[in-house]
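Please look through the structure shown here before reading the notes on it. The notes are grouped by topic.

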Amino acid sequence: MELIVFGKRVVEYLVIRHPELVKEILIGKRISDRELKRFRRFKVRFIENREAQRLSRNRNHQGFLARIEFSPPNPRLEGNWIVVLDRVTDVGNIGSLTRTCYSLGVDLLVITGIKELKWEGIIRASAGAGLDMPILHSPDISDILNRLKQKEYQLVGAEVGGEPAQRMERVALILGNEGEGLSGKVKRKLDKIVAVQMHRDFDSLNVAVAGAILIDRIVNGC
């Protein structure tokens with residue numbers, strides 16, 4: 001599929017890590033000859049800010065956009081550390097968790113409960129990590145959890161009131177919807193519930209922030 005991605009850091013990531021995906025670099029601002037030199041092996045087109053705003057749907061493009069050819073991955077349900085998202089819908093949260101999973105060595109990110117992935121948003125919000133992180137999309141979380149059970153994974157859910165997270169092997173960490181948390185059908189399948197241990201009377205961590213802390217503790221034992 002052809003996508004338009006934008007943002008200086010994302011375009012720089014593409015140029016360095018995935019030049020084979022780039023069909024065209026679009027520049028919507030004045031840049032120095034030194035900056036332009038980085039794109040000399042690509043087709044470059046300067047565009048008006050109005051077009052840049054249209055292509056980025058009025059998001060903060062920072063003057064850098066790229067037209068790429070991207071094939072969504074279809075990885076296997078395997079690995080030592082797996083993170084499963086249960087109806088997490090905000091593309092910013094999905095992108096942030098994608099970036100965390102890739103940075104901390106998670107083997108697979110499974111996104112469930114949404115019909116279609118917004119790849120442009122995921123790539124942008126993950127600062128390009130969405131191009132390299134193995135991501136499996138499955139609308140049906142029950143099927144995913146049943147398959148993980150059959151493969152003898154420990155199913156661990158994130159929920160307020162859970163026990164402290166610690167380093168674990170062959171585990172699937174399930175993170176719930178931003179407003180509702182984990183669904184009842186998911187909780188019934190869990191082997192354990194973990195939570196970020198708070199030192200003050202405050203329990204309103206964003207799912208991406210809480211997820212990052214729990215992933216680090218499960219992977220690194222911090």
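Leu26 stands opposite Leu65, a residue of strand E4. The strand that pairs with E4 here is E2 (residues 22-27), and the two are antiparallel, joined by five bridges. The model is predicted.

**The four-strand sheet**

- E2 and E4 belong to an open sheet of four strands, ordered E1-E4-E2-E3, in which the pairing is mixed.
- The edge positions are held by E1 and by strand E3 (44-46); each has a single partner strand, so one side of each has no neighbour in the sheet.
- On average, neighbouring strands of this sheet are turned by 20° against each other, direction ignored.
- Helix H1 (residues 8-17) packs on the sheet and touches E1, E2 and E4. The direction of H1 makes about 45° with that of E4.
- Strand E1 (residues 2-6) runs antiparallel to E4, and five bridges join the two.
- Within that pair, Ile4 has Arg67 of E4 as its bridge partner, while Val5 stands opposite Ala66 of E4.
- In a regular strand, side chains alternate between the two faces of the sheet.
- Why is E4 described as largely enclosed by the rest of the structure? Five of the six residues of E4 (residues 64-69) are buried, so the description follows from that count.

**The six-strand sheet**

- A second open sheet has six strands in the order E7-E6-E5-E9-E8-E10, with parallel pairing.
- E7 and strand E10 (192-195) are the edge strands, and each pairs on one side only.
- Neighbouring strands in this sheet are turned by 30° against each other on average, direction ignored.
- Four bridges join E6 and E7, which pair in the parallel sense. Val110 has Leu136 in E7 as its bridge partner.
- Helix H6 (residues 141-150) lies across E5, E6, E7, strand E8 (154-164) and E9. H6 runs at about 155° to E5.
- H8 also packs on the sheet, where it touches E5, E8, E9 and E10. The direction of H8 makes about 165° with that of E9.

**Helix H4**

- What end-to-end span should helix H4 (residues 91-104) have? At 1.5 Å a residue, its 14 residues should span 20 Å, and the C-alpha atoms at its ends are 20 Å apart, so the two values agree.
- At the start of H4, a side-chain oxygen of Asp90 comes to within 2.9 Å of the backbone nitrogen of Gly92.
- After H4 comes Gly105, which has a positive phi, near 90°.
- Which residues of H4 are buried? They are Asn93, Ile94, Gly95, Leu97, Thr98, Thr100 and Cys101.
- An α-helix has 3.6 residues a turn, so residues three or four places apart point the same way.
- The strands that the buried residues of H4 pack against are E5 (81-86), E6 (108-112), E7 (135-138) and E9 (171-176). These residues also pack against helix H5 (119-125) and helix H8 (207-220).

**His61**

- His61 lies in a loop, between helix H3 (49-55) and E4.
- Is His61 buried or exposed? Its relative accessibility is 6%, so His61 counts as buried; the cut-off for buried is under 20%.
- The side chain of His61 reaches the backbone nitrogen of Gly63 at 2.7 Å.
- Leaving aside residues up to four places away in sequence, His61 touches Phe6, Gly7, Lys8, Asn49, Ala52, Gln53 and Ser56.

**The chain as a whole**

- The protein chain has 222 residues, and 48% of them are buried.
- Taken along the principal axes, the C-alpha atoms fill a box of roughly 55 × 40 × 30 Å.
- Among the contacts in the chain with a separation of 6 or more, 76% are between residues 24 or more positions apart.
- The chain exposes about 11,800 Å², and carbon and sulfur atoms supply 45% of that area.

Technical notes
Residues numbered from 1 in each chain as written. Predicted model: local features only at pLDDT ≥ 70, side-chain atom pairs only at ≥ 80, totals over all residues. Heavy atoms only, no water. Buried < 20%, exposed > 50% of the residue type's maximum accessible area, 1.4 Å probe, protein only. Pairing = 2+ DSSP bridges. Axes fitted to C-alpha atoms, helices over the stretch in contact; angles between N-to-C directions. Contact = heavy atoms within 4.5 Å. Expected span 1.5 Å × (residues − 1). Polar contact = N/O pair within 3.5 Å; in protein donor to acceptor, adjacent residues only side chain to side chain. Areas by Shrake-Rupley, 256 points an atom, 1.4 Å probe, with all protein chains shown as cover.
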